[in-house]
Amino acid sequence: MTDQGLTAAIENRVSSGKSSVSDRPAQQSSTTSNKLLTFIVATALVSIASVILALPYRNLLFPSVFHASKRSIALSVAGLNPTSPIVVATAMLDEKPVSAKLDADIGAPTGNRTPVYFFSHGGPTFMYSDRDEDGGDLGAFKMLRKIGKEIVEKVRPKAVVVFSAHWQASEDQVEVNTSEISDLIYDFYGFPSFMYEEQFPNVGSRAVAQRVIDQLQSKGIKAKGVSRGIDHGVWVPFKITFPEFQALKVPIVQVSLFGTDNPNQHVALGKALAPLRDENILIICSGMTVHNLREMGKYWGSVAPYSKRFDDTLERAISTQVGTAREDALANLIETNDANKSHPTKEHLLPIYIAAGAAYNEKGERLYTNQTSSLAWGEYRFGSLINA
């Protein structure tokens, strides 16, 4: 029967209320179809219920699948193909975290020494400085973008070790993040909801974390590995510096500060990790050169006198002295009235002491600053570029 004939026959049956096929077989077919549909729906519902009930136990029942899925989601958000070289080089969560080559290279001098950077990172609004400078600093934003290009194209590290003002451990021990996929910590409050949805996909490395722990312990500094997310003192400036994770392509390992305000203790922390620089591991320290949130409103639209004085005094100590002379100058500086006004609490200042320790005999260069209200946005590089 032609298509036209079939169509005409169907229309004729509909209009006449009759069928060329007996009613009973049609009813049986309909009944069978209904039973089959009921069976399929019931089976699907049972399957869905089983999955839901198993969710709390997904780690135990399907560890490889669950962890691989979590990692694949993170890498997808990063824009990475799970089969790309950087992803292949970073093994599954249940396996070795970094490439065999990276593992083999850990602890091996490269003949080059990486610089050390200090970032002033502001708050979460810093991410949007190119759209609304009221929430951050456009000049600092542009400088971090420039530094990121410098790191990717000239430094080309095989890993990054980072310190943030927002992680302090105990008085006599530091902690090292050994996680291979770290969730973000949204450690800020009262901001628009979309800021708590920002992402910075990242990979860590147990091998690099253990190298850090071993190096610290070899210098008499207590250190232990922990599993932790990365706080906004890392991921906010890193989102600016490396706007796409593909640009960095190396593990990030965060290390805590001590839980003290002792300047020499933090210089020693940096000194202990200085040998990592000879292994092509980059050290970045993140804080603020002036950080007094309490008086931002008081000096809004102007500059607190202590902000300028302290920021400039800090720059002179960093850029004109090295070694014990600089360490002494920094130890004296943290005790001044301007320091106490610029940093009512010292956690945002101490990371630059770690940077000064990691580059103990090398001068620092202030690449940018802006003193505004009761803040200052100093961005620094210590040491010289490898491939300048």
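E295 is buried, at a relative accessible area of 14% (buried denotes under 20% relative accessible area, exposed over 50%, and partly exposed the range in between, with a 1.4 Å probe and protein chains only). Its salt-bridge partner is K298, with 4.0 Å between the closest N and O atoms; a salt bridge is defined as a side-chain nitrogen of Lys or Arg within 4 Å of a carboxyl oxygen of Asp or Glu. In contrast to the buried E295, K298 is exposed, its relative accessible area being 58%. The structure is a predicted model, in which local features require pLDDT of at least 70 and side-chain atom pairs count only at pLDDT 80 or more, whereas totals for chains, interfaces and linings use all residues. Residues are numbered from 1 along each chain as its sequence is written, and side-chain values rest on heavy atoms, with hydrogens and water left out.

Across the whole structure, 18 salt bridges are found. Side chains of opposite charge can pair when their charged atoms come close. Helices (H or I, at least four residues) and strands (E, at least two) are DSSP runs numbered from the N terminus. R366 is partly exposed at 25% relative accessible area, while D312 is buried at 16%.

A further salt bridge is formed by the side chains of E279 and R211, with an N to O distance of 2.6 Å. Here too the partners come from distant parts of the chain, 68 residues apart, with E279 in the loop between α11 (263–273) and β6 and R211 in helix α8 (residues 206–218).

Helix α9 (residues 232–241) is mostly covered, nine of its 10 residues being buried. Among these buried residues are W235, F238 and I240. Their covering includes β1 (116–120), α7 (138–155), β2 (159–168), β5 (252–257) and β6 (281–287). At the start of α9, a side-chain oxygen of D231 lies within 2.9 Å of the backbone nitrogen of G233.

Notes:
Contact = heavy atoms within 4.5 Å. Polar contact = N/O pair within 3.5 Å; in protein donor to acceptor, adjacent residues only side chain to side chain.
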